[in-house]
Structures are given as structure tokens and as C-alpha cells.
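Hi,

Here is the structure I promised to pass on. Have a look at it first, and my notes follow below.

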Amino acid sequence: MLPIRIRNRGEFSFATVLIGGAAWGLWLVSDLRFGTAMRMGPGYMPTMLCWIAIGIGAVLAIRSVAVSAPPPAAWAWRPVLSISAAIGAFMLVEKIGLLVCVGLVVLVASLGDRETRWSHSAMLAAGLATFAALIFVVMLGLPMPLLPTLLGY
């Protein structure tokens, strides 16, 4: 048997991440009731989307063996790390409040680009924090703290 030669490493890498993420999604929704096409349960749509993602990943993996491409460029780690840190900062919304959290997320995400001006990021952070507070707390009435909660209260 001949060894399989991957000709497009970037596409193959994306295919494995897509299949892995979809498999993880299937595991997460495994406890939900599936239902039928006529009477869909809460697990029907996520399960179907995960299987579609697995199918697309399989097609991309097969294609990465058949079609060659130049090797992918080096990773730009600065944007990846800043967006990951921004996602991590958003997980603190209940502790640090919506206004502080949205502002922090915008400022941390802006670190991903070296050409970003701090004055523009600060104005965007203030505007988005105000907009988020108006939409989620005032208009939708969601019980979210606007400012940091002290001592866990």
C-alpha cells in the first residue's frame, strides 16, 4: 500500500480542526433529545450541523490529498493571542460587569494590530459598552451587572 501524501497542508489542517470541533459538538449535544424531522428536539439542529461540518471536513481532507498548494505562511500569533485573550476576558462578564467587560474585550482585541491607535480603541470601547448596556440591560431587561460586583454579591 502506498503512503498517502498530503499536498495541501493548510487545507488538511483546517479539515482536521473542523472534524475535531464537530466531533466535540456531537459529544456536547449527545444528551439532548434528537426528535424527528417533523418534531425536532433540542438536539436535532446542532447534531445535523455537526454532521454537515464533518462531511465538509472529510471533503476538504480528501481534496488536500488530491490538489497541491504552496505551503501555508507562518502564523501571525499576535492576532490569535489577542482574540483568545479577548474571549477569555468576556468570560468575566458576571464578575467585572458588562461595561468594564466590553471595554476590556475591545481594548484587548485591539492589541492584535500594531497600527491600532489607542484613542480610536478607547472611543470604540466606550461606544460599544454603552450600546451593549442599552440593548441588553435597558431594552431587553437581562439581569446583568453593569459594574463590577464586590465580594461576590
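Read along the sequence, the pattern is α-α-α-α-α-α: the protein has six helices and zero strands, where helices (H or I, at least four residues) and strands (E, at least two) are DSSP runs numbered from the N terminus. Do keep in mind that this is a predicted model, in which local features need pLDDT of at least 70 and side-chain atom pairs count only at pLDDT 80 or more, while totals for chains, interfaces and linings use all residues. Residues are numbered from 1 along each chain as its sequence is written, and side-chain values use heavy atoms, leaving out hydrogens and water.

On overall shape, the radius of gyration is 21 Å, whereas a compact globule of 153 residues would be near 15 Å (taken over C-alpha atoms; the globule rule is 2.2 Å times the number of residues to the power 0.38). The C-alpha atoms fill a box of roughly 65 × 50 × 25 Å along the principal axes. Of the 153 residues, 25% count as buried (under 20% relative accessible area, 1.4 Å probe, protein chains only).

One residue I looked at is Ser-82, in helix α3 (residues 77–90). Ser-82 counts as buried because its relative accessibility is 7%. Its side chain reaches the backbone oxygen of Pro-79 at 3.1 Å. Leaving aside neighbours within four places in sequence, Ser-82 is in contact with Val-108, Ala-109, Leu-111 and Gly-112 (heavy atoms within 4.5 Å).

Best wishes

Conventions. Buried < 20%, exposed > 50% of the residue type's maximum accessible area, 1.4 Å probe, protein only. Polar contact = N/O pair within 3.5 Å; in protein donor to acceptor, adjacent residues only side chain to side chain.
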